[in-house]
Amino acid sequence: MGVPHAIGRLTLRAHSEFQRVFAAKTRLFRNGLGLCYRKASGVEFRFGVSIPKRFGKAVERNKVRRRLKEIVRISSTLPDSAEIVFCVSKPCCELTYEILKETCDWAFARISRVKLPDPAVSAC
């Protein structure tokens, strides 16, 4: 079991923070869950959740949001130097907590293996 984190400090909140992650154009998809992520040096792990209203009623959206926050809170495999936005689609409505956790662990492992961008190349 992972070390519990203070979720409030780890969340992306401002529209500009979400747009910065989306602009990186690095995405993973599995089981109806999309993850957009951005790796950069000097950035600590942060995450946000994007669930459209067409997903369902507020109760359903909040249930998935709470599950994702709990998965991040107890996860021991969070990638370093990454900002992640979980993009939830309708098929996630039927996913159990265990399948959602396996999907997130798979994505965290994939993101952890990605190398940080070279600052000399991005400065051009």
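This is a predicted model: local features need pLDDT of at least 70, side-chain atom pairs count only at pLDDT 80 or more; totals for chains, interfaces and linings use all residues.
Local features need pLDDT of at least 70, side-chain atom pairs count only at pLDDT 80 or more, and totals for chains, interfaces and linings use all residues. Residues are numbered from 1 along each chain as its sequence is written, and side-chain values use heavy atoms, without hydrogens and water.

The largest nonpolar core has 26 residues. Such a core is a set of buried Ala, Val, Leu, Ile, Met, Phe, Trp, Tyr and Cys residues joined through side-chain atoms within 4.5 Å. Buried means under 20% relative accessible area (1.4 Å probe, protein chains only). Leu33, Phe47, Leu68, Ile84, Phe86 and Val88 touch the most other members. Helix 4 gives the most to this core, with five residues. Helices (H or I, at least four residues) and strands (E, at least two) are DSSP runs, numbered from the N terminus. A second, separate core of five residues includes Leu12, Phe18, Val21 and Cys36.

The structure holds four aromatic pairs. Rings of Phe, Tyr and Trp (its six-membered ring) pair if their centres lie within 6.5 Å; planes under 30 degrees apart count as stacked, over 60 as edge-to-face and the rest as tilted. Phe45 and Phe47 are stacked, because their centres are 6.3 Å apart and their planes at 25 degrees. Both are buried. Phe47 and Phe86 lie 6.1 Å apart between centres, with planes at 75 degrees, so this pair is edge-to-face. The pair links strand 3, which holds Phe47, to strand 4, which holds Phe86, 39 residues apart. Phe45, Phe47, Phe86 and Phe108 form one aromatic cluster.

Definitions and conventions: Buried means under 20% relative accessible area, exposed over 50%, partly exposed in between (1.4 Å probe, protein chains only).
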